[in-house]
Amino acid sequence: MAILRLIARKHKLEGSTDAEQNKVAVLEQQVLDYFTAFITFVHKQGSTEEEKAAFLTELAGQLEALSKFLGANNFAVGSQFTYVDAWFYEYIHHLETTEITKASVSKYANLTSYLKRVEALPQLAEYLKKVNA
């Protein structure tokens with residue numbers, strides 16, 4: 001994470017105000033925790049139905065919190081893309097494309113709109129076009 005933050009600082013992708021930088025730091029750590037739990041769950045062999053239900057219940061609360069955090073912002077902490085948007089996008093994208101979790105994401109219009117906004121960024125759109133060709 002330290003290298004990512006250094007690169008973000010160099011390219012002015014860590015928020016333009018102290019308040020935005022604090023929000024970026026909070027979201028970075030929250031997404032790290034959520035993503036770690038998601039990856040652990042997905043790669044665990046032989047999850048019981050009770051474990052799946054518990055994970056999905058916990059995920060619902062996480063998505064509710066992330067949806068409220070994002071609000072009507074274009075990007076994670078406002079109108080400008082920050083490095084945490086890449087991390088946030090990756091997490092939500094994985095949820096949206098994983099069979100057991102995709103229905104959970106679709107309940108939040110602002111999260112699905114956020115995915116589309118990030119994917120429409122010119123450099124990312126170009127990259128995704130090449131990768132998905």
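## Salt bridges

Seven salt bridges turn up in a search of the whole structure. A salt bridge here is a side-chain nitrogen of Lys or Arg within 4 Å of a carboxyl oxygen of Asp or Glu. The model is predicted: local features need pLDDT of at least 70, side-chain atom pairs count only at pLDDT 80 or more, and totals for chains, interfaces and linings use all residues. Residues are numbered from 1 along each chain as its sequence is written, and side-chain values use heavy atoms, with hydrogens and water left out.

One of the bridges joins Arg-5 and Glu-28, with the closest N and O atoms 2.5 Å apart. Arg-5 sits in helix α1 (residues 2-10) and Glu-28 in helix α2, so this pair ties together parts that are 23 residues apart in sequence. Helices are DSSP runs (H or I, at least four residues), numbered from the N terminus. Arg-5 is partly exposed, at 30% relative accessibility. Glu-28 is buried, at 2% relative accessible area. The cut-offs are under 20% relative accessible area for buried, over 50% for exposed, and in between for partly exposed (1.4 Å probe, protein chains only).

Another bridge links Glu-51 to Lys-44, the closest N and O atoms being 2.6 Å apart. Glu-51 is partly exposed at 29%. Lys-44 is partly exposed too, at 40%. Glu-99 and Lys-102 also meet through their side chains, at 3.3 Å from N to O. Here Glu-99 is exposed at 62%, while Lys-102 is partly exposed at 36%.

## Helix α3

Helix α3 covers residues 49-70, which makes 22 residues. At 1.5 Å a residue it should span 32 Å, and its end C-alpha atoms are 31 Å apart, which agrees. The expected span is 1.5 Å times one less than the number of residues. Just after α3, Gly-71 takes a positive phi of about 55°.

The buried residues of α3 are Phe-55, Leu-59, Gln-62, Leu-63, Leu-66, Ser-67 and Leu-70. Seen down the helix axis, they fall within an arc of 135°, so they line one face of α3. That arc is taken from the directions from the helix axis to the C-beta atoms. On the other side, Glu-50, Thr-57 and Lys-68 are exposed. The cover over the buried residues includes α2 (18-43), α4 (83-97), α5 (102-105) and α6 (109-119).

## The loop residue Glu-14

Glu-14 lies in the loop between α1 and α2. Glu-14 is buried, with a relative accessible area of 17%. Leaving aside neighbours within four places in sequence, its contacts are Arg-5, Ala-8, Arg-9, Glu-20, Gln-21, Val-24, Thr-82 and Tyr-83. Contact means heavy atoms within 4.5 Å.

## The largest pocket

The largest pocket has a volume of about 220 Å³. A pocket is an open set of points on a 1 Å grid over the protein atoms alone, where a 1.4 Å probe fits, with protein on both sides within 12 Å along at least five of seven lines; lining residues have an atom within 4 Å of a point. Grid points are joined across faces, edges and corners, and the volume is the space filled by probe spheres set on the points.

The lining consists of Phe-81, Ala-86, Tyr-89, Glu-90, His-93, Val-118, Glu-119, Leu-121, Gln-123, Leu-124 and Leu-128. At least two lining residues come from each of α4, α6 and α7 (122-131). Helix α4 gives the most, with four residues.
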